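Please consult the sequence and the structure while reading.

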Amino acid sequence: MADASYPDDLLYHPEHDWAKVEGETAVFGITWYAQDSLGEVVFYDPPEAGATIHKDSSYAEVESVKAVSDVIAPMSGEIVAVNDALEDTPEKINEDPYGEGWLVKVRLTAPQEAEGLLDAAEYRKLLEN
C-alpha cells in the first residue's frame, strides 16, 4: 500500500479525485485518501473511450471489499484513453494511485474548470476537517 501523499503538481476535487492537466488533456484518478478509505480495490468499471464526462458527475465505479463507489469527474471532457491494465490488476489503484493506478485520460472541453479545483495544500486542509 502506498504511503499517504498528495503531489503538488496535481489538482484535487473535494470528492477525492485528482487531475493532472497537460495542456488540452488531463489524466484523472482517485487520491490516496480515497483508495485508503475504500480499502482493497477489486474491480474498476471504466467509461468507454469517446464518452463525454461532466465535472462533478460520476463517470466510473470502483469496487472494493467494502463498497462500490462512484468516481467523480474533476473536470469536463471526452475520454481519450482508459487504463486497461486495471481490468486485470485493479489493486494498482491502491498501490500507485498517482502512477500506474491512473483511471482515464481526457480531452478537456472546459480547461478553465481547473481554476475551481484545489491545490495540494488546500486539499490537505480539507482532509483535516
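Q: Where is the place of Val65?
A: In this predicted model, Val65 lies in the loop between β6 (58-64) and β7 (68-72).

Q: Why is Val65 called exposed?
A: The relative accessible area of Val65 is 58%. The term exposed applies over 50%, so Val65 is exposed.

Q: Which residues make the nonpolar surface patch of about 270 Å²?
A: Val42, Phe43 and Val65 make this patch.

Q: What pattern does the protein chain follow, read along the sequence?
A: The pattern is β-β-β-α-β-β-β-β-β-α-β-α, which comprises 3 helices and 9 strands.

Q: Why is the protein chain called as compact as a globular protein of that length?
A: The globule rule gives 14 Å for 129 residues, and the radius of gyration of the protein chain is 13 Å. Because the two values are close, the protein chain is as compact as a globular protein of that length. Along the principal axes, the C-alpha atoms fill a box of roughly 35 × 35 × 20 Å.

Q: What percentage of the 129 residues in the protein chain is made up of buried residues?
A: Buried residues make up 43% of the 129 residues; the term buried requires under 20% relative accessible area.

Q: How much of the accessible surface of the protein chain belongs to carbon and sulfur atoms?
A: The accessible surface comes to about 6600 Å², and 46% of this surface belongs to carbon and sulfur atoms.

Methods. Residues numbered from 1 in each chain as written. Predicted model: local features only at pLDDT ≥ 70, side-chain atom pairs only at ≥ 80, totals over all residues. Heavy atoms only, no water. Patch = residues over 30% accessible without salt bridge, like charges linked within 9 Å, V, L, I, M, F, W, Y side chains within 5 Å. Areas by Shrake-Rupley, 256 points an atom, 1.4 Å probe, with all protein chains shown as cover. Salt bridge = Lys/Arg side-chain N within 4 Å of Asp/Glu carboxyl O. Helix = DSSP H or I, 4+ residues; strand = E, 2+ residues; numbered from the N terminus. Buried < 20%, exposed > 50% of the residue type's maximum accessible area, 1.4 Å probe, protein only. Rg over C-alpha atoms; globule rule 2.2 N^0.38 Å.
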